Amino acid sequence: MNKKKKTVGIIVWFAAVIVLLVLSLVTGSGGKSETIQEAMRDAVLHEDNRISLFGLKDVNPALISAMVVTVILLVAAALIRIFVIPRFKYVPGKFQMLLEQVVGLFDNLAKSNSPWRHGFLGAYVFGAGVYIFVGTLFELFGIQAVTTSGRSIALPAPLSDVNAAIALGCLSYLVIMSGGIAGNGVKGIGNTLKEFSLPISMSFRLFGALLSGLLVTELIYYYINLSFVLPVAVAVMFTLLHALIQTYVLTMLTALYYGEVSEPAPKKAKKAKKAAKAA
């Protein structure tokens, strides 16, 4: 029976491959309203495919994505706080355990990298990490929007726009600076400013990683011969990979540098130890 099932499975798999191959050959490349250079250029610069924001201004599709993701996360947070957290049990269920694991992951990340000050840091890396992860996965849903030219497009990941990546990178840098000020006052500002290239590196690392997946998917979708099964596998693979890696990289860098600049000076550390012993 097992051999028969394996044989049937192999036959079905080959039949599907043959059908897709025939379809790709029959359809051909089709007519294109724009060249591949124009399609990929617009994926980066958003010069043509823009969306009207309540009729006030034409904006990049990524801004609409950012607004949608933000609303989704705020509504989800409110619902969890109102309906889920009050019903937490001593023996957690699956959803409670998932929430505790996610929160504990980012909290431990903050504590291990900044043992002196980690309360606000834990909250920030949790918020930034969830936003990057959910925002990156957002493009998999293929939510459609109509551009000002009347063309239907799928909303991209918010951070595939360089403006969003720069904003998140600079925000993380300001959080790091706040840790330096809280830990060492004015000296903490100087320690943070030494890493002047940090917001640039974080921003463009995030933007480049997410944009590469977007461009590869755009390239595959552009050619009908390749657009039957391959885009699904490529999109899911690139999106999940980037969601995990970029969430880890940005939160780790933020926690690491926050811990460095917020570390008390040697004199302050000795006073803190003496005060602890006296208490």
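In which helix is F83 found? F83 sits in helix α3, residues 61–84, and point 3 returns to it. Here are my notes on the model.

1. Ground rules. This is a predicted model, in which local features need pLDDT of at least 70 and side-chain atom pairs count only at pLDDT 80 or more, while totals for chains, interfaces and linings use all residues. Numbering starts from 1 along each chain as its sequence is written, and side-chain values use heavy atoms, with hydrogens and water left out.

2. Overall layout. The protein has 10 helices and four strands (DSSP runs numbered from the N terminus: H or I of at least four residues for helices, E of at least two for strands). Read from the N terminus, the order of elements is α-α-β-β-α-α-α-β-β-α-α-α-α-α. Of the 279 residues, 34% are buried (under 20% relative accessible area; exposed is over 50% and partly exposed lies in between, with a 1.4 Å probe and protein chains only). Among contacts (heavy atoms within 4.5 Å) with a separation of 6 or more, 70% join residues 24 or more positions apart.

3. V71, V75, L79, I82 and F83 make a nonpolar surface patch with about 470 Å² of accessible area together. Patch members have over 30% relative accessible area and no salt bridge; like charges are joined within 9 Å, and nonpolar side chains (Val, Leu, Ile, Met, Phe, Trp, Tyr) within 5 Å. F83 counts as partly exposed because its relative accessibility is 47%.

4. Helix α4 covers residues 94–113, and its 20 residues reach 29 Å from first to last C-alpha, close to the expected 28 Å (1.5 Å times one less than the number of residues). Q96, F106, L109, A110 and N113 are buried in α4. A search of the whole structure turns up one salt bridge (a Lys or Arg side-chain nitrogen within 4 Å of an Asp or Glu carboxyl oxygen). D107 and K111 are the partners, with an N to O distance of 3.2 Å. Both belong to α4 and are four residues apart, about one turn of the helix. An α-helix has 3.6 residues a turn, so residues three or four places apart point the same way. D107 is partly exposed at 27% relative accessibility, and K111 is partly exposed at 38%.

5. Where does the side chain of Q96 reach at 3.0 Å? The Q96 side chain meets the backbone oxygen of K89 at that distance. Q96 itself is buried, with 8% relative accessibility. Beyond residues up to four places away in sequence, Q96 touches F88 and K89.

6. Helix α6. Helix α6, residues 162–184, has 23 residues and reaches 33 Å between its first and last C-alpha, close to the 33 Å expected. Its buried residues include A165, L168, G169, S172 and Y173. G185 follows α6 and has a positive phi, near 65 degrees.

7. I132 in α5. I132 lies in helix α5, residues 119–137, and counts as buried because its relative accessibility is 0%. Apart from neighbours within four places in sequence, I132 is in contact with L159, L168, L206, Q246, T247 and L250. L168 is also among the buried residues of α6.

8. T239 in α9. T239 belongs to helix α9, residues 230–262, and is buried at 3% relative accessibility. Its side chain makes a polar contact of 3.4 Å with the side chain of E139 (a pair of N or O atoms within 3.5 Å; within protein one must be able to donate a hydrogen and the other to accept it, and residues adjacent in sequence count only if both atoms are side-chain atoms). Leaving out residues up to four places away in sequence, T239 touches T136, L137, E139 and L140.

9. A backbone angle to look at. Most residues other than glycine have a negative phi. F54, however, has a positive phi, near 55 degrees. F54 lies in the loop between β1 (51–53) and β2 (57–59). With 68% relative accessibility, F54 counts as exposed.

Methods
Accessible areas come from the Shrake-Rupley method with a 1.4 Å probe; for residues, only the protein chains shown count as cover.
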